[in-house]
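Okay, thanks for making the time, everyone. Let me put the model up, and then I'll walk you through a few spots in it.

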Amino acid sequence: MIACPPARQIRSGGEGSGRQGGPGGSSKMDRLPIASGSFYPGNKEELVSVLKTHMDNSLEKRKVLGAISPHAGYVYSGSVMGSVFSRIYVPDTVVILAPNHTGRGTPYSIWPEGCWRTPLGKTSTDEELVNEILNSCELIEKNEAAHTNEHSAEVILPFLQYNNPQVKIAVIVIRSGNFEELRMIGKSIGDVLKKIRPDALVVASSDMTHYESQQSADKKDKSAIAEIVALREEGLYRVVRKLDVSMCGVSPVISMLVCSKERAATKAELIRYETSGEVTGDYDQVVGYAGVIVE
């Protein structure tokens, strides 16, 4: 087992992590949707209809170790998300590694228990897996505060539910750019999955370049994607820093790549790349979206 050393800047406890239980305060907390009705439809029938338009059920599904999915509103990134999830078999356990847009919580915050809700219903947390991950890596802490108003994992969930209504999840929000710690996180998760969830999928949530011209985004994102498909997490880290690529989920992607290689990944494939300009017609200020599969 690869055990992470204690993090240097982790705060104990969890702001905003109070229980919503009965008199004993022991009932589990559900994670309520915050992107429903904005990033994706808030009505079940409409959401299913939108998911169907983005999914291609004629494609053969593959068992894969990892994936990268964007997390913008479906009108912008849904086609890329659908292209990824149309091609992969969604197993009964999925680990979602997501970036932290709110600044809340600890550097590596895992949602501990209960269900995640969307208009498609409830998805249970894989609590056994969560506990194994916590035991394997002291960098990771139980913390709801990082998740409560963070959309980057939630937006991916309806695609998982649509493909496998029985799916269970373990969600970690990452607020750190420490490369060595990100490697430790990936190795620890990979070690746990090999032991108790060998068929699990790990999804890294990330958009690419933000609010630059189409030409700039295309150039920067291609450089980052080249490192990703070559399974070079250190190369990705260096390219993002050197070219100032505003890729919000670079940290989750680094950990996902390390985790996948720990599980014997040998290749990665870019499934689709688009920018918001293809929807809005504004190519002066675009956001890039990449869908990648790791096998």
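So, is C115 buried or exposed? C115 has a relative accessibility of 16%, so it counts as buried; buried here means under 20% relative accessible area, exposed means over 50%, and partly exposed is in between, with a 1.4 Å probe and protein chains only.

Before I go on, some housekeeping. This is a predicted model, where local features need pLDDT of at least 70 and side-chain atom pairs count only at pLDDT 80 or more, while totals for chains, interfaces and linings use all residues. Residues are numbered from 1 along each chain as its sequence is written, and side-chain values use heavy atoms, with hydrogens and water left out.

Staying with cysteines: C248 is partly exposed, at 24% relative accessible area. Its closest cysteine sulfur is in C259, and at 20 Å that is too far for a bond. Searching the whole structure turns up 0 disulfides, a disulfide being a pair of cysteine sulfur atoms within 2.5 Å.

Now the helices. These are DSSP runs of H or I with at least four residues, strands are runs of E with at least two, and both are numbered from the N terminus. Let's take α8, residues 233-243. Which of its residues are buried? They are E233, G235, L236, V239 and V240. Those cover an arc of only 155° around the axis, which puts them on the same side of α8; the arc is that of the directions from the helix axis to the C-beta atoms. As a reminder, an α-helix has 3.6 residues a turn, so residues three or four places apart point the same way. Over on the other side of α8 you get R238, R241 and K242, which are exposed.

What do the buried residues of α8 pack against? That would be α6 (179-196), α7 (214-229) and α9 (250-262), with contact meaning heavy atoms within 4.5 Å. After α8 comes D244, with a positive phi near 55°.

On to α7. It has 16 residues, which at 1.5 Å a residue should span 22 Å, and the end C-alpha atoms are 21 Å apart, which agrees; the expected span is 1.5 Å times one less than the number of residues. Buried in α7 are A217, K220, D221, A224, I225, E227 and I228. Looking down the axis, they fall within an arc of 155°, so they line one face of the helix. The face turned away carries the exposed Q215, K219 and K222. Covering the buried residues of α7 are, among others, β1 (66-69), β9 (210-212), α8 and α9. Just after α7, L231 has a positive phi of about 60°.

Last stop, the aromatics. Rings of Phe, Tyr and Trp (its six-membered ring) pair if their centres lie within 6.5 Å; planes under 30 degrees apart are stacked, over 60 edge-to-face, and the rest tilted. By that rule there are 5 aromatic pairs. F85 and F159 have ring centres 5.7 Å apart and planes at 25°, so that pair is stacked. It links distant parts of the chain, with F85 in α2 (residues 74-85) and F159 in α5 (residues 157-163), 74 residues apart. F85 is at 0% relative accessibility, so it is buried, and F159, at 0%, counts as buried too. Ring pairs join Y40, Y74, F85 and F159 into a cluster.
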